Amino acid sequence: MALRHAILAELLDDAGASGYRLAKTFDVAVASYWYATPQQLYAELTRLEAEGLISGREVVQERRPNKRVYTLTPTGREVLEHFVEKTSRPTFMRDDLLVKVRACDIGEVPALIDDLRARSQQALVKAEFIEALLAKLRGDMSEDRFLAENPRIGPYLTGLRGIAYERENAAWCRRVADVLTARGAAG
């Protein structure tokens with residue numbers, strides 16, 4: 001997957017989105033499965049517009065700087081449809097915390113334990129935030145009803161994955177911290 005596909009997927013909403021809103025969405029809801037800096041995002045928006053996959057329009061605002069709102073073009077929708085139809089590659093992770101844990105037999109283990117506990121807390125906060133976003137999407141509908149009746153469920157389904165990922169990450173970090181703490185106390 002490329003950043004372009006993640007952006008195109010976020011622009012499926014016909015209302016469109018500004019670069020700022022996309023950056024916020026990527027920082028919160030999309031970050032569980034695709035990370036991009038705001039600079040990468042804006043550079044890709046420029047490329048996508050130049051290729052005709054999205055279109056941008058200037059929106060004049062009072063007392064605020066003007067903003068550019070992007071929408072998906074028919075060509076962009078076609079590119080995204082082809083992407084959805086292709087077989088996905090296996091998932092892989094790049095996480096410096098896992099490298100540190102792999103090398104935990106040397107170095108300052110108390111610092112690593114602190115890092116693990118902090119990551120666990122961050123993951124729980126993120127899971128709770130995503131849960132709140134999903135509750136807002138659902139409104140007063142039950143989850144089952146929302147998933148059965150809402151015309152657009154992709155963001156909700158990826159949110160469910162984000163919650164599961166963050167909660168599992170928090171549990172793993174706590175377990176590893178507990179193991180390392182117990183080994184330090186026994187040593």
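In the largest nonpolar core of this predicted model, which has 19 residues, Ile7, Leu8, Leu11, Leu22, Phe26, Leu41 and Ile54 touch the most other members. A nonpolar core here is a set of buried Ala, Val, Leu, Ile, Met, Phe, Trp, Tyr and Cys residues joined through side-chain atoms within 4.5 Å. Helix H1 (3–10), H2, H3 and E3 each give this core at least two residues. A second, separate core has 10 residues, including Leu97, Cys173, Val176 and Leu180.

Residues are numbered from 1 along each chain as its sequence is written, and side-chain values use heavy atoms, with hydrogens and water left out. Because this is a predicted model, local features need pLDDT of at least 70 and side-chain atom pairs count only at pLDDT 80 or more, while totals for chains, interfaces and linings use all residues. Helices (H or I, at least four residues) and strands (E, at least two) are DSSP runs, numbered from the N terminus.

Buried means under 20% relative accessible area, exposed means over 50%, and partly exposed lies in between (1.4 Å probe, protein chains only). The buried residues are Leu3, Arg4, His5, Ala6, Ile7, Leu8 and Glu10, and they pack against H2, H3, E2, E3 and H4.

Leucine 8 shows this well. Leaving aside neighbours within four places in sequence, leucine 8 is in contact with Leu48, Leu53, Ile54, Leu72, Gly76, Val79 and Leu80, where contact means heavy atoms within 4.5 Å.

At 4% relative accessibility, leucine 53 counts as buried. With neighbours within four places again left aside, leucine 53 is in contact with Arg4, Leu8, Leu48, Leu72, Thr73, Thr75, Gly76 and Val79. Leucine 53 and threonine 71 are 18 residues apart in sequence and 8.8 Å apart in space, C-alpha to C-alpha.

**How the helices pack**

Two packed helices are described by the angle between their axes and the distance between the axes. Axes are lines fitted to C-alpha atoms, for helices over the stretch in contact, and angles run from 0 to 180 degrees between N-to-C directions.

| Helix pair | Angle | Axis distance |
|---|---|---|
| H2 (residues 19–30) and H3 (residues 38–50) | about 130° | 10 Å |
| H1 and H4 (residues 74–85) | about 115° | 10 Å |
| H2 and H6 | about 115° | 10 Å |

For H2 and H3, packed at about 130°, the angle makes H2 oblique to H3. Angles under 35 degrees count as roughly parallel, over 145 as roughly antiparallel, 65 to 115 as roughly perpendicular and the rest as oblique. Gly19, Tyr20, Leu22, Ala23 and Phe26 of H2 make the contact with Pro38, Leu41, Tyr42 and Leu45 of H3. By class, these residues are eight nonpolar, one polar and no charged. Ala, Val, Leu, Ile, Met, Phe, Trp, Tyr, Cys and Pro count as nonpolar, Asp, Glu, Lys and Arg as charged, and the others, Gly among them, as polar.

H1 and H4 pack at about 115°, and their contact is made by His5, Leu8 and Ala9 of H1 and Gly76, Val79, Leu80 and Phe83 of H4. Five of these residues are nonpolar, two polar and none charged.

H2 and H6 are roughly perpendicular to each other. Here Asp27, Val28 and Ala29 in H2 meet Lys126, Phe129 and Leu133 in H6, a contact with four nonpolar, no polar and two charged residues.

**Residues elsewhere**

Leucine 116 is found in helix H6 (residues 109–138) and counts as buried, at 0% relative accessibility. Beyond neighbours within four places in sequence, leucine 116 is in contact with Leu97, Val101, Trp172, Cys173, Val176, Ala177 and Leu180.

Arginine 77 lies in helix H4 and is partly exposed, with a relative accessible area of 37%. Not counting residues up to four places away in sequence, arginine 77 touches Leu12, Asp14 and Leu72.

Finally, arginine 63 is found in the loop between strand E2 (54–59) and strand E3 (67–72). Arginine 63 is exposed, with a relative accessible area of 86%, and its phi is near 60°, a positive value in a residue other than glycine.
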